[in-house]
Amino acid sequence: MNIVIIGAGGVGGYFGGKLALAGYQTTFIVRGQTLEKIQSNGLQVKSILGDFHVYPPATNDFDVVKKADLILLCTKSWQIEAIARKIKPLLPKHAAVLPLQNGADNADRLAAILPPAQVMAGLCRIVSKIESPGVIDHFGYEPEIIFGEMNNEPSLRLESIKVVFDKAGFKNRSSNHIQRDIWLKFLFIASISAMGALTRSVLGVMREDIFLRKKLIETASEIVSVGKGLGIDIDKKDIDSCFEIIDSIDYDTTMSLQRDMMEGRPSELENFNGYIVQQGDKLNIDTPVNDFIYYSLRPMEEKVRSGKI
């Protein structure tokens, strides 16, 4: 299988690196210093499960998509539309596109631009970051990819992709309830990420502070209400499961959105709490806590994106 990884951050770098290590033809589409470093020194992954170093092809030329069987989209959620428009004229008719970003509607946004039959839905679980260009630090959670067809039906390509992921040696699961799986991940990530940016606090501080914990739970409750309004099989009981995970994670954990905002980079704020606010307005569902978080952080996000910071 010919695999193209778009993006070599904490997600693309780890999973793409594992696929390359397993011997699959794996090409990275990257740019800037990351491109230079991978071309000159390969891709280095420092992992709690074992370090490895691979030397995959890397390019900034999207023409490599023309030979792809599987494309893993591992950029930030706010970059989806631009990348979809770039790959659309290059995409082979047999190729599958699997988005692994955080967010609730990534596959839908891809399918609005690309042929819907070529778009799959997915998510990943990993705690990792870029240590430096071409060097990935995986420092928490057993990495996992969950993936499925948008219609939740079984398919031959699901089976063939699972064989590939199994050979690469990371935890994975094909799902016939992929929208629910995506929203369970979204419930977790969107409940804590922007609150971390707003408070400038690690997860342990937020979950142990009585007032902040209450606000995290209220944020999650609003997310569930919006999800249910959109027809997602998600319920209040899932909040309890979500907080069992929150309570089990390392005290000093920070999330990528939080780190991006604190370090002056564009973030996924619009795709997390902004999405809940937007959908809540459409569905006439009140989301006061998400409103406060989103509108409090939006001026900083706009400043970053305008280049004024």
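Author: Tyr294, in this predicted model, has a relative accessible area of 5% and is therefore buried, whereas Tyr295 is partly exposed, because its relative accessible area is 42%. The count of aromatic pairs comes to 10, and Tyr294 and Tyr295 make one of them: their ring centres lie 4.9 Å apart and their planes meet at 65 degrees, so the pair is edge-to-face. Another edge-to-face pair is that of Tyr14 and Phe15, so classed because the planes stand at 90 degrees, with the centres 5.3 Å apart; here Tyr14 and Phe15 are both buried. These two residues also belong to an aromatic cluster, which they form with Phe52, Phe147, Phe165 and Phe170.

Helix H12 covers residues 288–305, and together with helix H6 (178–199) and helix H8 (210–229) it is what the buried residues of H11 pack against. H11 itself runs over residues 273–283, and its buried residues are Asn273, Gly274, Tyr275, Ile276, Val277, Gln279 and Gly280. Just after H11 comes Asn284, whose phi is positive, at about 60 degrees.

The largest nonpolar core holds 38 residues, and those with the most contacts inside it are Trp183, Phe186, Leu187 and Phe188. At least two residues of this core come from each of H6, helix H7 (203–208), H8, H9, H10, H11 and H12, and the largest share, 10 residues, is supplied by H6. Setting aside residues up to four places away in sequence, Trp183 touches Tyr275 and Ile276, as well as Ala104, Ile223, Val226, Gly227, Leu230, Ile232 and Ile234.

The loop between helix H9 (237–248) and helix H10 (256–262) contains Thr253, which counts as buried because its relative accessibility is 9%. Its side chain comes to 2.9 Å from the backbone oxygen of Asp250, and, if neighbours within four places in sequence are left aside, Thr253 is in contact with Val202 and Leu203.

Elsewhere in the model, five strands are arranged as an open sheet with parallel pairing, in the order E5-E2-E1-E6-E7. Strand E5 (58–59) and strand E7 (96–99) are at the edges and have a single partner strand each, so that one side of each lacks a neighbour in the sheet. Strand E1 (residues 2–6) and strand E2 (residues 25–29) run parallel and are joined by five bridges; one of the residues concerned is Val4, whose bridge partner in E2 is Thr27. Helix H5 (residues 156–168) packs on this sheet, where it touches E1, strand E6 (70–73) and E7, with its direction at about 70 degrees to that of E6.

Technical notes: Residues numbered from 1 in each chain as written. Predicted model: local features only at pLDDT ≥ 70, side-chain atom pairs only at ≥ 80, totals over all residues. Heavy atoms only, no water. Buried < 20%, exposed > 50% of the residue type's maximum accessible area, 1.4 Å probe, protein only. Helix = DSSP H or I, 4+ residues; strand = E, 2+ residues; numbered from the N terminus. Contact = heavy atoms within 4.5 Å. Polar contact = N/O pair within 3.5 Å; in protein donor to acceptor, adjacent residues only side chain to side chain. Pairing = 2+ DSSP bridges. Axes fitted to C-alpha atoms, helices over the stretch in contact; angles between N-to-C directions. Core = buried A, V, L, I, M, F, W, Y, C linked by side-chain atoms within 4.5 Å. Phe/Tyr/Trp six-rings, centres within 6.5 Å; stacked < 30°, edge-to-face > 60°.
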